[in-house]
Amino acid sequence: MAKATTLPEKTLVVEDHELVRSFLASWLTERGHNVRPCGQEDLDQLDHLGRHDLVILDLCLGDSDGLEVLQRLASHKFAGDIVLISAFSDSVIETARNIGMDFGLKIVGALRKPLMLEQLDAVLDTPKRPRPHYPHKPVEVITLAMALASRRIAFHYQPILDARTLDILSIEMLARLVSPSGLVGSVYPVLPGASTEDLHNLARCAISATDDLRKVLIASGLGPLPVSINVPSSFVRRCHLFSALEEAALPVTLEITEQDPFEDFNEARLTATSAILKGVRLSLDDFGVANSNVDRFMRMPFNELKVDRSFVSGCADDPFRAAVCRSAAELARLRGAVSVAEGVETEADFDYLRSIGFDRVQGYFFSRPLPTAALVSWISSHRGLAWPPAAVARGAAAAREIAL
Amino acid sequence: MTVTPETARPELLSPETAADMETSFQKKMVELRARFILRTQADATTIRTLREQMAGNPLADPELLKQLIRTVHGLAGAAGVFGFAQISNAAHKLEMSLRRIDGVDDDPNSLLDALETELNLFWLKSVSEGETWVVDTRISG
């Protein structure tokens, strides 16, 4: 029977095996789809699709392959949904999915053969949210240097929690770009073109901003909390670090980001060790990505290992991500460091991370990055146990009992 | 009884049961499944012919290997969607071996033998349990 969901205008089944194509076409037709079977000889149909159409694509198409089809769809700026199917391993399907998404395509599902019709049904029945319509706005050209000079950098704050007790242990400061009209957005668009000096100035700006945060926390009766601040590797030099840290009004964890290598490893190690001896905590941020690797973790005395969100998000359901998280937690334990998972967005991921012994968690499941006033409110309600949700509270209560 | 592709005929699917199918969709499924059985016979013939040409070394001739992979790939996918997991798994394992994806430990010849065994069992079942298949074509949901 056809399901009561919004159906695509037409559904293209791109599959080289005639029987499988016919089977899927019949099955989809039964569900109310307007199906267009598409074999290798009919690929011209790909050039005439609209944004309300659906493509079900077998990645293995005899002489050609599904990636060529994705390229073709991308060249026509196809804006409809795509479901990938393949007999190849999950890693191949997942990579193909990522390639398609990098092309700008909307891959709504990636399924492994033998095809389970229940899985396809679930993908097709997932409610589609209408795409928001953004009015065309001229893109503002601004650099990080300009944003800093015009005081258009603000900070939002995301709590980092004890994974067992859910106590607030620190707050990560995340830079935001403020538009001329006062809208606050991500700072990432201005980072790629930023000079090393600009990035250092951003780090100094964050360290200086701890004074304002401290005043607000104390005025609100919440007391001071440690903060985590992102700094580039090139900032870990004696000439940069110690003068900047004199401005810190709260205990600081420096999260060394993954983008750049250390300019002078020996000096960086000396500076980092010296900073730790002075009471600064050092965190290896975005572990598993670019320069945030095992070698760096082994050779520097990091207090903290912070696993990149790309491994954390979905770790409960993905064996590979789960293995990376387990390994990271074990590496941290072996070095006597604290393990932190950032990007925790679901209860399932949180439960899994806690079960494998992560020390700290951070992410949208608990709180998004908040402006100062909202942070104060969030901390107040969190400590008053008006939050978290019941499921998390039950978990925390159980954890406390175990701890006792 | 020795089962060959020729003795396993799609018309052995119970016509009475098929007649009970109420919708054109279910009839279509029955028809497609019957065509799948015929297709397995054609695929088996293709595989047997290719094996003879390959003379015991499936990886020696790239063009023959390509044809074999194509046939086995199609068989794996089709068997999967029609609900024949054993054939699909055997064909998939062979395909991955022929593509040298799962390493060199899997001997393609023994996997080819395993696939042929599965196909023989499948045809044997088509003779003895055809009615069950027809009932199986009812797709949930």
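How many residues does helix α2 of chain B have, and what distance does it reach from its first C-alpha to its last? The legends below begin with that helix.

**Figure 1. Helix α2 of chain B, end to end.** Helix α2 (residues 24-54) of chain B has 31 residues and reaches 44 Å from its first C-alpha to its last. This is close to the 45 Å expected at 1.5 Å a residue, where the expected span is 1.5 Å times one less than the number of residues. Helices here are DSSP runs of H or I with at least four residues, strands are DSSP runs of E with at least two, and both are numbered from the N terminus. The model is predicted: local features need pLDDT of at least 70 and side-chain atom pairs count only at pLDDT 80 or more, while totals for chains, interfaces and linings use all residues. Residues are numbered from 1 along each chain as its sequence is written, and chains are lettered from A and ligands numbered from 1 in the order in which they are written. The buried residues of α2(B) include B:Met29, B:Leu32, B:Arg33, B:Phe36, B:Asp43 and B:Ile47. A residue is buried if 20 or more other C-beta atoms lie within 10 Å of its own, exposed if 12 or fewer, and partly exposed in between, with C-beta atoms placed from the backbone.

Figure 2. B:Ala55 lies in the loop between α2 and α3 of chain B. Its phi is near 50 degrees, a positive value in a residue other than glycine. Most residues other than glycine have a negative phi. B:Ala55 is exposed, because 10 other C-beta atoms lie within 10 Å.

**Figure 3. A:Leu166, in a loop of chain A.** A:Leu166 is in the loop between β8 (153-162) and β9 (168-178) of chain A. Phi of A:Leu166 is near 65 degrees, a positive value in a residue other than glycine. A:Leu166 is buried, because 24 other C-beta atoms lie within 10 Å.

**Figure 4. Where chain A touches chain B.** 16 residues of chain A are in contact with 22 residues of chain B; two residues are in contact if their C-beta atoms, placed from the backbone, lie within 7 Å. On the chain A side, the elements that give two or more residues are α1 (18-30) and α4 (117-125). Helix α1(A) gives the most, with seven residues. The residues on this side divide into nine nonpolar, four polar and three charged. Ala, Val, Leu, Ile, Met, Phe, Trp, Tyr, Cys and Pro count as nonpolar, Asp, Glu, Lys and Arg as charged, and the others, Gly among them, as polar.

**Figure 5. Helix α1 of chain A against helix α2 of chain B.** The two helices pack at an angle of about 170 degrees, with their axes 10 Å apart. Axes are lines fitted to C-alpha atoms, for helices over the stretch in contact, and angles run from 0 to 180 degrees between N-to-C directions. α1(A) and α2(B) are therefore roughly antiparallel to each other; angles over 145 degrees count as roughly antiparallel, under 35 as roughly parallel, 65 to 115 as roughly perpendicular and the rest as oblique. A:Leu19, A:Ser22, A:Phe23, A:Ser26 and A:Glu30 in α1(A) meet residues of α2(B), among them B:Phe25, B:Met29, B:Leu32 and B:Arg39.

**Figure 6. A:Leu24, in helix α1 of chain A.** A:Leu24 counts as buried because it has 25 C-beta neighbours inside 10 Å. Leaving aside neighbours within four places in sequence, A:Leu24 is in contact with A:Val13, A:Glu15 and A:Ile56. A:Leu24 and A:Pro37 are 13 residues apart in sequence and 8.7 Å apart in space, C-alpha to C-alpha.

**Figure 7. Helices α3 and α4 of chain B.** Helix α3 (residues 62-81) and helix α4 (residues 85-98) of chain B pack at an angle of about 150 degrees, with their axes 8 Å apart. α3(B) and α4(B) are therefore roughly antiparallel to each other. Residues of α3(B) including B:Leu65, B:Ile69 and B:Val72 meet residues of α4(B) including B:Ile87, B:Ala91 and B:Leu98. The contact of α3(B) with α4(B) has 11 nonpolar, four polar and one charged residues.
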